[in-house]
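Colleague: I'm new to this one, so please take me through it slowly. I'd like to hear what each label rests on.

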Protein chains: 4
Amino acid sequence: MNNDQPLRIGVIGAGRIGKIHAESIATRTPGAVLAGIADVDLAAAKETAVKFNVSLVTADYHDILNDPAIDAVAICSATNTHAHIVQEAAAAGKHIFCEKPIDHSLEKIDAALAAVEKAGVKLQIGFNRRFDANFRKVREMIAAGKVGEPHILRITSRDPAPPPVEYVKVSGGMFLDMTIHDFDMARYLMGSEVEEVYVAAGVMVDPAIGAAGDVDTAVITLKFANGAIGTIDNSRKAVYGYDQRVEVFGSGGMVSVGNNLPNTHVYSSADGVHSEKPLYFFLERYMDSFVAEMQEFVQAVLQDKTPPVVGVDGRIPVIMGMAAAKSYRENRPVKLSEIG
Amino acid sequence: MNNDQPLRIGVIGAGRIGKIHAESIATRTPGAVLAGIADVDLAAAKETAVKFNVSLVTADYHDILNDPAIDAVAICSATNTHAHIVQEAAAAGKHIFCEKPIDHSLEKIDAALAAVEKAGVKLQIGFNRRFDANFRKVREMIAAGKVGEPHILRITSRDPAPPPVEYVKVSGGMFLDMTIHDFDMARYLMGSEVEEVYVAAGVMVDPAIGAAGDVDTAVITLKFANGAIGTIDNSRKAVYGYDQRVEVFGSGGMVSVGNNLPNTHVYSSADGVHSEKPLYFFLERYMDSFVAEMQEFVQAVLQDKTPPVVGVDGRIPVIMGMAAAKSYRENRPVKLSEIG
Amino acid sequence: MNNDQPLRIGVIGAGRIGKIHAESIATRTPGAVLAGIADVDLAAAKETAVKFNVSLVTADYHDILNDPAIDAVAICSATNTHAHIVQEAAAAGKHIFCEKPIDHSLEKIDAALAAVEKAGVKLQIGFNRRFDANFRKVREMIAAGKVGEPHILRITSRDPAPPPVEYVKVSGGMFLDMTIHDFDMARYLMGSEVEEVYVAAGVMVDPAIGAAGDVDTAVITLKFANGAIGTIDNSRKAVYGYDQRVEVFGSGGMVSVGNNLPNTHVYSSADGVHSEKPLYFFLERYMDSFVAEMQEFVQAVLQDKTPPVVGVDGRIPVIMGMAAAKSYRENRPVKLSEIG
Amino acid sequence: MNNDQPLRIGVIGAGRIGKIHAESIATRTPGAVLAGIADVDLAAAKETAVKFNVSLVTADYHDILNDPAIDAVAICSATNTHAHIVQEAAAAGKHIFCEKPIDHSLEKIDAALAAVEKAGVKLQIGFNRRFDANFRKVREMIAAGKVGEPHILRITSRDPAPPPVEYVKVSGGMFLDMTIHDFDMARYLMGSEVEEVYVAAGVMVDPAIGAAGDVDTAVITLKFANGAIGTIDNSRKAVYGYDQRVEVFGSGGMVSVGNNLPNTHVYSSADGVHSEKPLYFFLERYMDSFVAEMQEFVQAVLQDKTPPVVGVDGRIPVIMGMAAAKSYRENRPVKLSEIG
């Protein structure tokens, strides 16, 4: 790229996450221009296009890929289309920001990553939580040696409410849909790969989730290559809201981060002391990180640097999710090397 | 206004606060259009105009006032120009958002408010802290009766570093420059007017501030019409950063709000437990409130409602500042009725 | 004293505070022996004597003073008897621990202190809060220079419920009965004397307190000899319990202490996040400090050292209380030099 | 027992924990009398006896068991003597308070419990943490249904420093020596039995611990009969001090408790915000619970009620410890039914 010129980005998929990225690109990402929007639901694409004054709007994302004025794409379409579009976009020479997961099939992931490598384009995976101020601080402190040698990692990741059962059925299961973010976080924070996974899980929130073949509550043990041990606890339903905490304990100390709140008020009454619940869900909690990941993607392309979350970072958490599902089915620790 | 049409706003003054409002209007205020920018420093005006693709850019704010396509102005110029521009803008039929303070002279303030009233335009004063999520929550809880009858108000308001002494000399003094925000907050939270002020103050941070005829540290007692008592403490220099807290105690309980932090990390080491300092200064802490006040101004105009901070809300804190200065000079409680 | 021998202490007054000191001496004060108990209500004295196996029990405290086997007394009788018993105890050569206040009359205080000086016995005043772990830490940090030069002191001191009106009538008024602890705390923490007091106060809790000639809510401004400014806020009724907090702000930083809680539980539910109210009242909150002050008194006598709270420390807060009452009556700042 | 008479207790073992119980009985347990002290180190026994004025002091604990004036014993001797002394004390008709663990052998435990049952005496096991104000509150809230149906339990239990390696060698291993408290806590809080245990562990603190055949760091997964899942994380060395926290998450909410601190001070400086480390170790943190468990033991005997921690409560955590050790060795989940 000639970084005197802005990066012209086309957004593929104008659903919830596509709209977020379109707005980030249009209003909050220096160096980027929102240059096109595609969605099979043309009305949805048009709504966003009008809002940000974008002229290229289409029901067929190939119009984006075929436009020589487009430098890069943000793939925000349905999960099962990601890997294919990545391949097409790479072939078209576009730089790629792709929402997680790349796919639920390792074969498709590998084909997509091979296409990216062959084309020599940049690829960034949308693990936005790495760009959250809290988790980034934890990573920085570990990297700076503040906790010494890490011994124990604890991740709490609980949603405020389960998705519709229809979604659950096509989601790939909780480990690939929800825990995948925590698997990525574990790798990101510890700077070491996970070698073995053990899962204790169950259906405690909604029997319909169990009937759909999935679980809704889990405690996951991770063994890292560096000897550290991690534990993730997940629930599909925390009545007090979105619970996103991390703690890393090591030879030199401990660093932890808690939830973000809508305000800092504390109310003391005859009934006790009361304060706010966490920000409700991922849109509220992680909005800043969605903006930040897009800004870093744009800078990586403009400055010809490696993006902060690359293809292998999209591949390994999928393997971890598969190992977790196997561990749960077989009630035994499963090595990642058993999977892929 | 026909609220099918966006509100076209011209920003007068392209300094630090003018830039903030320009960006809010251009990117984050639904229903508003950034339609012009004026600054005596034309280069500054142009820089912002280019960024947001604004064609009307001028060194003479009269070009804004004379443009029939402009519906409203945001006055962000030097304090001593506010009252005069308010009068001119009112005469031109523009709705007005005016940064605080309107002026340091009650006569000029009154003339400006009279012009606004005569013209029948909307006027909103830039007491942005009322739109901060923390303070708004306190106000809501008091209004909802959660603290019962308010008895004691405590405001802590400390800056991370004093302004340059050259600025201090023309600032109108700490009470009119810095405490004025706290005076507004006291009125906003308590929903009752202050009748008497007593000030204990001194020069503790920098003797140069004293040499310039001002103080840098103060504890201020307020007596409210409803019988409640308030205390404000100010310092020009808190080494740990911008300290902005409020506590209201009453017959039914207490509500307090603390500082906002850049992240929630807590680090436990052999040396103790450590966490973040508050967000550094007003730009970091109050950015969301700057956006929110502009959004509410635009909605007030579009929907023909009374703005949330009106002319008298700009006038009374100036009287309180004058009473505070008099109390300090004479070391006695001073009634607001002694001033204006 | 020959400090190979324990200090034999007689407790005068077996009311609430007398029982606390008797138990501390009997069970938790190394080097001390509970050697006698006196109370005009002989049954009360006997109850405590039986509990701790004490043989000298009497309705006439002179039996304690006349007993050569008694080395020291703890005066826990009604306030209006303190000064006289101090004089008698000094004349009898007993070391003296005396509950606050010594008296409400400066003349009687001065006579008592003169008697102590003449007799050469030790005198410690029962300002127990100085021995609280929280406040002691604040003092240590100030003394160690951690806050730099102190600029602003804030004390919050609120009771959970007002005393009976009959007590209010004989209490000497809120400033001498309740705020006196805060006046002592202000001197203790800042290591500088107060020179001027200004009071804003009112009757907000119970009109009967006003009818009895007292106030129940106050905000007090203190000017210290070292230039610092302090503020104390008092209420006779905090519905959420006993509120005892301190904050000291200075050129190098701020140190604050909050309330102690019965446990650290935090409950997060759909209704918000909830935690405990402060420990209910002074018996719960300050029990450890009652023990600690007695331990230090005993060590001061055994090791022939100056006690940590001496006669003048009992005298000055009374002057501050008188100045506060005068300031409230006259609505003006009052210098302590106007009083005594 | 005739509960008009105090309970006369003999303490067997005058080491660290024996001294604590002796002092509780002598000074802080209404209804109890410290009636005898035995230790093979007679000097240690005498030291405590003198302090509390106890005449029966002996190197042979049979002197305690044979004394008809003794009603109950507190067994605080070395672990490998507990089971045998329990049997002898039961045979002598004494009520028994026994420090944990009863033994490391299920056979010896069962023999001891059978002797207690046969003799019809009371037996309470020294799982003192159940009497801690924090954990008790969690139990109360779960029992009251505040968290709804419990789904996830998290226990963090980390020591400030490892014991001497010589101790490690005879301790029975970390799971029976340290985690045993957490196993008891898990059962106490959840009100449901654990059925299966999985352990990930390692030697991260000190290779000498590994050389002695033990681990020093562990993450343990528990599956409860009611379907809930628990996780315990242990470390022998937290540089910031004794870390004792619990969190229970369920369908109705979450309750958590944190560490207790020596004071509540918060220091804000240019370097950040700083506060206290947790209370150093179990003596500081759990002193109140040691007193409370003895008070409840005495009341259980005096009022002929079931003690709050009975024989089976001493047996099951030992089984859990054995299952944990087996799980670690075999790297697989182990059912408790495989053990005993």
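Colleague: How do strand S14 of chain B and S14(D) pair, in the parallel or the antiparallel sense, and over how many bridges?

Modeller: They pair in the antiparallel sense, over three bridges. In one of them, B:Ser275 has D:Val273 of S14(D) as its bridge partner. Pairing takes at least two bridges found by DSSP between two strands, so three bridges qualify. The element names come from DSSP runs, numbered from the N terminus: helices are H or I runs of at least four residues, and strands are E runs of at least two.

Before we go on, this is a predicted model: local features need pLDDT of at least 70, side-chain atom pairs count only at pLDDT 80 or more, and totals for chains, interfaces and linings use all residues. Residues are numbered from 1 along each chain as its sequence is written, while chains are lettered from A and ligands numbered from 1 in the order in which they are written.

Colleague: How many residues of chain D are in contact with chain B?

Modeller: 11 residues of chain D touch 11 of chain B, where contact means that C-beta atoms, placed from the backbone, lie within 7 Å. On the chain D side, S13 (266-269) and S14 (272-275) each give two or more residues, and S14(D) has the largest share, with four. That side divides into four nonpolar, five polar and two charged residues. Here Ala, Val, Leu, Ile, Met, Phe, Trp, Tyr, Cys and Pro count as nonpolar, Asp, Glu, Lys and Arg as charged, and the others, Gly among them, as polar.

Colleague: And how many residues does the contact take from chain A and from chain D?

Modeller: 25 from chain A and 25 from chain D. The chain A side has 11 nonpolar, 10 polar and four charged residues.

Colleague: What makes H4(B) roughly parallel to H5(B)?

Modeller: Two packed helices are described by the angle between their axes and the distance between the axes. H4 (residues 79-91) and H5 (residues 106-119) of chain B pack at about 10°, with axes 8 Å apart. The axes are lines fitted to C-alpha atoms, for helices over the stretch in contact, and angles run from 0 to 180 degrees between N-to-C directions. Under 35 degrees counts as roughly parallel, over 145 as roughly antiparallel, 65 to 115 as roughly perpendicular and the rest as oblique, so H4(B) is roughly parallel to H5(B). The residues that meet include B:Ala83 in H4(B) and B:Ile109 in H5(B). By class, this contact has 10 nonpolar, one polar and one charged residues.

Colleague: Why are S3 and S6 of chain B said to stand at the edges?

Modeller: The open sheet has six strands in the order S3-S2-S1-S4-S5-S6 (chain B), with parallel pairing. S3 (57-58) and S6 (123-125) each have a single partner strand, so one side of each lacks a neighbour in the sheet. S2(B) (residues 32-38) and S3(B) pair in the parallel sense over two bridges; B:Ile37 has B:Val57 as its bridge partner there.

Note on methods
Two residues are in contact if their C-beta atoms, placed from the backbone, lie within 7 Å.
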